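Biologist: Please take me through how one reads packing in a model of this kind, beginning with a pair of helices.

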Amino acid sequence: MPSLGTGLNVLIGLAAAPLLPGIIARVKAMVAGRRGPPPLQGYYDLIRLLHKDHLRSRTATWVFGGAPAVGLAAVVCGLLLMPVGRQPAFFSFEGDWMVLLGCLALARWCAILAALDTGSGFAAMGASRDACFSALAEPALFILLAGLARQTGELSLSGMVAGLAPSAGLTDAPGLALLAAALGLALLAENARIPVDDPNTHLELTMIHEALVLEQAGPDLALMLYGAALKLWLFGLLLMNLLVAFADSFAVWCGMILMAAGIGVVESAMARLRLLKVPPLLVGAAALAALGFALIWRTTP
Amino acid sequence: MKDFLSIAPARQIPIEAVPMFPVEEFRERVIAATRNGMRLIALPGRRTEAGSVRVLAVLASDKAGALFLGETEMDGEYAALTRDRPFAQAFERELAEEWGLRPLGHPWLKPLRFPCGRPGVTDFLVVQGEGIHEISVGPVHAGIIEPGHFRFQCAGENVVHLEIALGYQHRGVEQSICKAPAQRRVCYFETLAGDTTIGHTTAYAQAMEALSDAPAPPRAEALRAIALELERLANHTGDLGALANDVGFLPTASYCGRLRGDFLNMTALICGSRFGRGLVRPGGVCFDLEPSRSDELRRRLDEVEKDARSAVELLWSTPTVMARFEGVGVVSTDVARTLGLVGPAARAAGLDQDARRDFPSGWYRFHHIPTATWSTGDVFGRAFVRWLEIQRSLAFLRETLSALPAGESNRPPKALLPQRLTVTMTESWRGETVHVAMTDEHGALALYKVVDPSFRNWMGLAVAMRGQQISDFPLCNKSFNLSYCGHDL
Amino acid sequence: MNVMLLSLAVWSCGALICLAARRGAALLGPLFVVGGAMPLLVQSLQVLFSGQSVVLWMPWQVPFGSFCVGMDALSAVFSAPLLIVSALSAVYGSGYLRKAPPAALGFHWFCFLLLTMSMWLVLAARNAVLFLVAWEGMALSSFFLVLFDGRERHVRHAGWLYLTAGHLGAACLIAFFALLGRGSGSMDFAAWDTAGWAPGVRHATFLLALAGFGVKAGLVPWHVWLPEAHPAAPSHVSAVMSGVMIKTGIYGLLRALEILAVPAVWWSWLLMGVGLFSGLLGVLLAGMQADTKRVLAYSSVENVGLITLAVGLGLLARHCGQPVIAALAFTAALWHAFNHALFKSLLFLVAGAVAQATRLRTMDRLGGLLRRMPITGAAGLIGATAIVGLPPLNGFVGEYLLLAAAMRSVTIGAGMPVLAGLAVLGGLALIGGIAAVCFARFFGIVFLGEARSSEAVAANDPPVPMRWPIATLALLCLGMAAIAPAFAGRLANVLPGGAWLGGVEKAIWHVWAFLLGGSALAGGMVVWSAMHGRPVVRPATWGCGYAAPTPRMQYTAASFFEPLSRFFEDLLPVRKKEVLPAGLFPHRAAWRARVTDVVMARLYQPLAKWLDWILAKPRRLQHGRLHLYLLGIVLALFALMIWKLE
């Protein structure tokens, strides 16, 4: 419920989200033997972009103009529903996990339509890939949330996370670990990270998420990049809640930074998959989630 | 093959010695010769006073290590060679564009360099069907690379057909070479294809030395070979790093990027320019290598070799990288032979050809480098061949540096003999580079034909991409790594 | 009661007048439809919100038949969208058929009025004979409406397929009603009481009901007529058929379940399985179609599958003694049935406007229509967003209710609901994701980007009679989202076995409030960025600097869905006609792919071939020789006489 603490969590999320991609880039550079950009680079980019003019193709319509704002609003609404460790979310009610996933889906819908609006072949290719792969990643998320609900008996995200701490014991650990693995894969897929997508590539023909924002420029691009950072923050919070549910906010923030570093290491250690191989990976994530659910089902009465 | 004149590369012959055939017989002889394993490596044309076009065919026999020459005179239409021998397709398109000849029955008579009109704007093959969409990439690309236009016909993610239209870098180099004063000419070769400076300048210098009968001293030849191998090392390392970058594998990408810089700095150590500008001149090389610098070079080579080995071996041992490389962009041995591919792309497809071994000139006459081949013809093959060549070049460099011949490093160039012809071949890092030079009765250059290896390999990339996934295109393109400038001249 | 008779009278007279009026039918037809629909709509909403049902009984000289019509909550839920959509489609039709020949017009509006009347009668009938008569009337009138463009061969084929499928379903329904009537001796719904029946008969009755109503609803594997018939009909008829006529199948199923009061457990599993499979196959096939209306037709198959899935879950929950979950699931089913009528008919009307403006239905030849048809495009966007189930529109509320039911069943103790809930969660996630791809493709390729053909360039917004229904339906979609909590509460009490306990109601109000706040935030951000934004520069879309760009360089609809179609290729057999580039210098190449319905290809076509083969055998009896026929007759008479005169 709205309170000072939960409101502070939201504000910290809004402020700190661009830090995550910065940390990931820095870790990747360090692993590669370079110094890399400063972790605050995300903020500098956003400020720089906000001062540029809008660049909207003549082919684009009001859909392209409105999509970044609506998408960002959707992700911010999602942030209001995400608990942080022991503290509940700003708003919580039964089925808020559905509203969260629905808001993320709305953000993706806006980005896809904006990409199709420009009539650019590259952007449409990215939109097609992003839409198809997200469709295949959804079951993993739903099943893992079902696992959490089964484990805790709660129906809202805040309840699930709060209930994980007291109810989780050694017998529940394998199931929860499988759920966390599935969430990790879903996080990499939904946030355009290696092995599903390469965020640093300049090759339009291989892009998924980057191609969606290919035609965005200036403030529109700033909104899309910020929205993407917030989405990564959301997924990170969910993963942290799963792994360190009993912790307080400070531990969760530290965990987020460690997670960003972890993503950087994972990205450095592997190459990006062929696009043909991404659907089986996502089905694998769903299978992991289902296995985790089955284990939890066996251990809960 | 009795009548085609046989010569060795980098030797001059009088132009009159080249036998002239009527057009049909010329065509028959070329087709017959290439049936038995010979390759067509150049087909330059020149205008006679009468207004017709003299076309010279240069055939190469890898087994014999010799070149075979024959000429014909054409005026207007003739039966195309490409109908029977696809590897002549680019040569005949060039003849048609430059001299206005009309090869009848040429199955792919499209503009090559667009000397007049808008580059890249031509009729592309359109795959019929409403579900097919066209992806057009370029000429302006998203990275800092040269301009070229790629037109894909795709069914979803599957490429049904790829067509490549170049010509954006056409500068008229060949025409400028003949008109330029002698001292300025070498600058054209240095920048003809900017990353193949040593390859082209070496071929040019050897051509001039052959035409003036003034060979370069052995020390110069050794230094040229060192520079050529360093160029090969730098580019191959850069390519492996770029391949890693395209699959998102950052460690190797970053390390190889730095290592390429190290190799370039070694070239700079010799001549002050990282790309070898100002090093090779007709008559020798402009910079000598004292023992101190030679030791420094050897020390650096050892250091870099260690780093390169660890960075590149990481590629082969990472399953996700190998999953991206293997089986992608396959060029079969037949296709490679039919299209006349050269260089690492051909060797990766199983063709055992290397100009350093088959047509050695300069220092390669005395020291051989084993040829690196692979059989699969996929992206992995082309990458692995590069790695093998890196290792062999490093060994060669160490051997040569410890056995540099004494003596001068250059001799003053002499005047060119009149009415002479020569063909020089170098194995630059992209493949076999062929230069054909002819002098007129005053001893000035009448014809200079440059055949960059990219000229012959671009079609291979188009064929390799058929039936592949479009997201694998950058990887295939990078595995070939062809020169747009070298093609467009 | 008078209202019902009055509207029936208005419709029947109107039908006859239109048949006679011919040219005037263009105006009179819609007038009569709307005139008859309005009072009934008021009545339905009254019944729904007050919970009081009305019944009218009149004698009828048909054996076992009686003219018993009534409106209770279940009928009202289905008849309200029926009346709204029929009225709006009729208004749309007056504009859509502007250029039709007058002779055809009269007959068309006659059939339309008959269709509306028989659909409403199906929902209101309380006697099996009346029900079957109305059912048949619905089938026949819609058959003639489908054949409006009867000169085209594929339209005739679609019509025959539709008629055949419909009558096969009707045969099952006759058997169903016969079984029910035999048990109680009367054909009135009120007289049936199946409590003491033997299980075998109950199961058979249920299966007959499922088959009969499933054909009309378009559930897999009985859906094969739907993607042929709906696109072949004129757009306003497609809207009515896809929006409301298939819901009569759902209504029938629900009424049958109400009559067969105590369902067995495997019924709910069967319903869930059929629902999931219909949902998945429907949405996959929808994504593969190249024709706008076929996309929408297959999407109807998907949505009907989702409704059936919800019904199945609700039944299971009721069986396991979980009233809250049952209430949520049933509410989801009814909400989805109500709202799908709205946004599906909206999409069909939009597709019709596009088809009329460009004379094209192939998506790969359209494009850039949002700029040229702003009202149609905006309404299409609302429809597409609603059907995908994105917040804050009405489609999302339906998904919320079903997913809430599924999640609750996952958390409670026993085995079966957990598995059901998990299946619903995973299945709905996948189906919803694929639906998003499908409709992003539909809206994006048709309305966004650059026009791909000269016909698309010349498009314009449709005339006024067509614009108003489209706008009204779009506004209704928005409005339904706004009144969601109150309406959902009403729907919860329609089907028995549900208990709308306090916790659920509060949650729905919370969701509603959150979505309202979120919409306000989004709207505010859009307005703020529009007002305080930086200057806008409008260059051409980046084409990599190529000198001669063509519209063919855009993405196509077929390619958009390709990653998913490759993954699901076992369910989507594709007939490829490809001429691949041959040799090193190809001169021509072609590539065409058409997806075939896997049920049609693997089930019905082999079945039809087998039937053909086996029925050819007795044809040997038709040898044409008169003396053998006479011999046969004499022998048969002789045998009968010996047998009977013993």
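Biologist: At what angle do helix H12 and helix H19 of chain C pack, and how far apart are their axes?

Modeller: Two packed helices are described by the angle between their axes and the distance between the axes. This is a predicted model, in which local features need pLDDT of at least 70 and side-chain atom pairs count only at pLDDT 80 or more, while totals for chains, interfaces and linings use all residues. Residues are numbered from 1 along each chain as its sequence is written, and chains are lettered from A and ligands numbered from 1 in the order in which they are written. Here H12 (residues 323-358) and H19 (residues 484-492) of chain C pack at about 110°, with axes 9 Å apart; axes are lines fitted to C-alpha atoms, for helices over the stretch in contact, and angles run from 0 to 180 degrees between N-to-C directions. Helices are DSSP runs (H or I, at least four residues), numbered from the N terminus.

Biologist: Which residues of H12(C) and H19(C) meet?

Modeller: From H12(C), C:Ala327, C:Thr331, C:Leu334 and C:Trp335 meet C:Ala488, C:Leu491 and C:Ala492 of H19(C), where contact requires C-beta atoms, placed from the backbone, to lie within 7 Å. The residues of this contact divide into six nonpolar, one polar and no charged; Ala, Val, Leu, Ile, Met, Phe, Trp, Tyr, Cys and Pro count as nonpolar, Asp, Glu, Lys and Arg as charged, and the others, Gly among them, as polar.

Biologist: How many residues of chain B are in contact with chain A?

Modeller: There are 25 residues of chain B in contact with 23 residues of chain A, and the chain B side divides into 13 nonpolar, eight polar and four charged. Among the elements giving two or more residues to that side are helix H7 (250-271) and helix H15 (473-480) of chain B.

Notes
Two residues are in contact if their C-beta atoms, placed from the backbone, lie within 7 Å.
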